[in-house]
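Have a look at the fold, then read on.

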Amino acid sequence: MKERVLAVDIGGTKVSVAAIDIEGRLIAQKKFLVENSSPIALARAIARQIPPGASEAAAAGVVVPGIVYAETGNVWAPNLWGHKQVSFRSELEEALGLPVTLDSDRAGSAFGEQWLGAARGLRDVVFLAVGTGIGAGIISGGHLLRGTGDVAGAVGWFALAVEHCERYREVGCWEAEAAGPALARRSGVATAEEAIRRARAGDSEAQNAVAETARYLGLGIANLISVFNPEIVILGGGLMKAHDLFIDGIRNTVYQWAQPVAARQMRIEPSRLGEHAALLGAAKLAFDFLKERHVGNEILRKDHGTSDKDS
């Protein structure tokens, strides 16, 4: 099996392309800004940014911000090219000249943390990405949960309020109350980053907004714990770069609301891999593909009575 793969993390604003070895070491990396364009244009842009050190790669792993339909390789990614479903895997394979494994960024982050991060070796994991939006990669019994339509993990739609309001229609209740824009709204500022800066500087309105946002985050996490009984919930995404401001409030709410046995069995931790979680998860997808192909080839050789020496 090849010792190196190409890993691609496509975000809402930028793309990271890297050569990563089987130990998870980043050999080389390039980043570029993503533009709202066609899948073909994006695939070709990625091919132009392949870094030195990736020439030996035998496969590519790619994660995207959207819904990935595992069987077809089709992708729904409204932040990239609108609301149409496109055959992105085939476009990537043609542009890169490599077999491609494709998954969502939230799944990629969960795989990355399970491989080399806070969930290393664990089989029941929730990776919660909190930034402009909210999504979760959920591994249960060692398997990623996909759901009947590959939509599992769209937890931003948790219903946490009795009264429905207009802003819930677009992004869901939990996301509307607990993601970065909610923190900014409560703080009376334009961005979550400004709210965080003010909270750290002692601004009482921003600190109260942080506390209320942490409470909403804790409510949703309590639901995840009660349903999935994970060993760990990992906090990632842009807003959780300031996890120190939120984590005590999150934990307090979780222990108040979650199923108590499940709450005692798990821990809540910040991501250890940070912005590299999804990129390393993409690499793990590619290595798993190569491992499966290698095993399949060995089975075929045995079935046909051949060996490496014969071929």
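Which residue in E12 does phenylalanine 127 stand opposite? Phenylalanine 127 stands opposite isoleucine 234. Keep in mind that this is a predicted model, where local features need pLDDT of at least 70, side-chain atom pairs count only at pLDDT 80 or more, and totals for chains, interfaces and linings use all residues. Residues are numbered from 1 along each chain as its sequence is written, and side-chain values use heavy atoms, with hydrogens and water left out.

**The sheet**
- Five strands make an open sheet with mixed pairing, in the order E11-E10-E9-E12-E13 (strands are DSSP E runs of at least two residues, helices H or I runs of at least four, numbered from the N terminus).
- At the edges sit E11 (143-144) and E13 (267-270), each pairing on one side only (pairing takes at least two DSSP bridges).
- E9 (residues 125-130) and E12 (residues 232-236) run parallel over five bridges.

**Helices on the sheet**
- H4 (residues 105-116) packs on the sheet and touches E9, E10 (134-140), E11 and E12 (contact means heavy atoms within 4.5 Å).
- The direction of H4 makes about 50° with that of E10 (axes are lines fitted to C-alpha atoms, for helices over the stretch in contact, and angles run from 0 to 180 degrees between N-to-C directions).
- H10 also packs on the sheet, touching E12 and E13, and its direction makes about 170° with that of E13.

**Helix against helix**
- H8 (residues 192-200) packs against H10 (residues 243-257) at about 80°, with axes 11 Å apart.
- That angle makes H8 roughly perpendicular to H10 (65 to 115 degrees).
- Ile196, Ala199 and Arg200 in H8 meet Asp244, Leu245 and Phe246 in H10.

Methods. Parallel < 35°, antiparallel > 145°, perpendicular 65-115°, else oblique.
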